[in-house]
Amino acid sequence: MAHARIGVHPIAGAIGAEITGIDLSRPMDDETFAEVRRAFNQHLVIFFRDQVITPEQHKAFGRRFGDLDVDRFVLPGMPEHPEIIVVKKTEGERYAFGNVWHADVTFYEKPVLGSMLYALEVPPHGGDTLFANMYLAYETLSEGLKRSLADLRAVHSAIGAYDSSAIKDRFGPERSIQIRRDREDEARREMSHPVVRTHPETGRKSLFVDRAYTKRLDGMTAEESRPLLEYLWTHQEKPEFTCRFRWQKGSLAFWDNRCAHHYANNDYHGFVRLMHRVTVCGDTPR
Ligand SMILES: [Fe+2]
């Protein structure tokens, strides 16, 4: 079905489309929003360019998709807008948030539906974000492996990824994004989700394990799980399943966390990159 009110321009074969004809600082009628939502379901991540929006307008657009999440683990949020995480890397920092293939907070019982990232300051080059289509990752497996995965569950946890001492060892002490130390025990909790997830809106199946948060297959040891998980992780990251988005000031990306992975490329040391992130609450994976 064609889009009457917006322009939809895929940026790669597998995933991602730029939306034109929208000014996010202005109210959006329901018919236009329905087209945006359809493009989102079809392309998994949608991009808008040259937007000038306030935190209120950012949150208002997020709320069209559902309730907003207040992140329990990451500091700092904006004091007057706790739903907004400030994603920042300074000139002197080596660490970059999200610099591993992942879906967001899969260690939640209800991982977020999606995340909406808005660029306020970008480096002159570098700092791109890559996205990968997990429907395709699933659909390109053999029928035999699909059958083997059908009843498997995997254990997710933020341990390692959110471990402040491990990050400090690797990147040094300077870090704009801090993990709340008082929540580290909570981050170590384990959550079991199906390895193959069915999208509640599209009905399509996707591969729901990732390199950042999936620790082992449920009912197996980490050692036993590793070869299969390693295969799936490597398979998921094939360039054919991905797109790469080059940010400009005023770009906004919204990805479907239920069926897409993302990776923040950490190749811009010496420059500032500043983003605001709003996340939309999700449901229990089935
Ligand atoms: Fe992320």
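A search of the whole structure, which is a predicted model, finds three cavities of 30 Å³ or more, a cavity being a set of points on a 1 Å grid over the protein atoms alone where a 1.4 Å probe fits but cannot get out. The second largest cavity holds about 40 Å³ of space, where volume means the space filled by probe spheres set on the points, with grid points joined across faces, edges and corners. Among the residues that line this second largest cavity are Val122, Pro123, His125, Asp128, Trp247 and Arg273, lining residues being those with an atom within 4 Å of a point.

In this model local features need pLDDT of at least 70 and side-chain atom pairs count only at pLDDT 80 or more, whereas totals for chains, interfaces and linings use all residues. Residues are numbered from 1 along each chain as its sequence is written, and side-chain values use heavy atoms, with hydrogens and water left out.

Turning to the metal site, the iron ion is coordinated at 2.1 Å by His102 (NE2), Asp104 (OD) and His262 (NE2), donors being N, O and S atoms within 2.8 Å of the metal (3.2 Å for Na, K and Ca). Along the chain these donors follow the spacing H-x1-D-x157-H. Because aspartate 104 lies in the loop between β6 and β7 (114-121) and histidine 262 in strand β17 (residues 260-264), the pair ties together parts that are 158 residues apart in sequence; strands here are DSSP runs (E, at least two residues), numbered from the N terminus. Both aspartate 104 and histidine 262 are buried, that is, under 20% relative accessible area with a 1.4 Å probe and protein chains only.

Definitions and conventions:
On a 1 Å grid over the protein atoms alone, a cavity is a set of points where a 1.4 Å probe fits but cannot get out, and a pocket is an open set with protein on both sides within 12 Å along at least five of seven lines; lining residues have an atom within 4 Å of a point. Helices (H or I, at least four residues) and strands (E, at least two) are DSSP runs, numbered from the N terminus. Buried means under 20% relative accessible area, exposed over 50%, partly exposed in between (1.4 Å probe, protein chains only).
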